[in-house]
Amino acid sequence: MSDRYQKKTTAYSSDDTGSSCRTADDSFPAHSSGRRTPDGRMTGGKKPDRFSRTAKALLVLIVIGIAGKAFLAFFPFGADISRLENVSVPGWIDVQIIEIDGASRRGENLSRLSDIVIHYVGNPGSTAQQNRDYFNSPESSVSSHFVVGLEGEIIQCIPLNEISSASNDRNRDTISIEVCHPDESGKFTDASYRSLIRLAAWLCDIGGLHSDDIIRHYDITGKLCPLYYVEHEDAWHQLKSDVARSM
Ligand SMILES: [Zn+2]
């Protein structure tokens, strides 16, 4: 067990420092050459103008998008978060909040809640309790709000209105769930899966979110997490529709 934990420490420290967001290729589609209109004029000559106007409009939209995202990240929306602060946690969640240490738990409030991020622990066979205790140990600088164990047990480690240290630059506006797994494939057990669906549906409900607001760590940084549900896109879509059905 201690060997495994040694491995885990290494995995976390190398994984979570490098946020490598990959943006989509923003090159423009190739245009065909000019066409002749019914009255015989060539339209090709006008294309550079239209193209340049389109490019400018696209640029403006991109700038607005970036500015909007920055605004939402830096200006807190109190109503959402105060609602989370006052939620009573159901009995099927074992609440074991970790100590504030400035790293794993910074004690800072979420700025808002936009998404639920699913992770796998990346340490086959480890239990929810072991992962929670690791988050609480001095050598850890990572955490998640919840850990779902191999038997379907759920441990809460971070208060709902605070940030965790799991999802890189999306820690400020997301709630994170780490899920244990028995082997290297990263596939969740049936018991873990059922608990994850129940937990995610509950979080969507209290946070006013939709099942489309459930994302993978992979969707943020391109990291292969949760591994099985990155390698099996169909299983990921199934997971989201199972959450939608449970809401
Ligand atoms: Zn992850």
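Student: At what angle do H5 and helix H8 pack, and how far apart are their axes?

Tutor: Two packed helices are described by the angle between their axes and the distance between the axes. In this predicted model, where local features need pLDDT of at least 70, side-chain atom pairs count only at pLDDT 80 or more and totals for chains, interfaces and linings use all residues, H5 (residues 190-207) and H8 (residues 233-246) pack at about 60°, with axes 9 Å apart. Residues are numbered from 1 along each chain as its sequence is written. Axes are lines fitted to C-alpha atoms, for helices over the stretch in contact, with angles from 0 to 180 degrees between N-to-C directions; helices (H or I, at least four residues) and strands (E, at least two) are DSSP runs numbered from the N terminus.

Student: Which residues of H5 and H8 meet?

Tutor: Ile197, Arg198, Ala200, Ala201 and Cys204 in H5 meet Asp242, Val243 and Ser246 in H8, contact being C-beta atoms, placed from the backbone, within 7 Å.

Student: What is the order of the strands in the open sheet?

Tutor: Strands of a sheet pair through backbone hydrogen bonds, either parallel or antiparallel. Here the 6 strands follow the order S1-S4-S3-S5-S2-S6 with mixed pairing, two strands being paired if DSSP finds at least two bridges between them. Strands S1 (94-95) and S6 (214-216) stand at the edges, each with a single partner strand, so one side of each is left without a neighbour in the sheet. Strands S3 (residues 146-148) and S4 (residues 154-156) run antiparallel and are joined by 3 bridges, and Val148 stands opposite Ile154 in S4.

Student: Which strands does helix H5 lie across?

Tutor: Helix H5 lies across S2 (115-120), S3, S4, S5 (174-179) and S6, and runs at about 170° to S5.

Definitions and conventions: Two residues are in contact if their C-beta atoms, placed from the backbone, lie within 7 Å.
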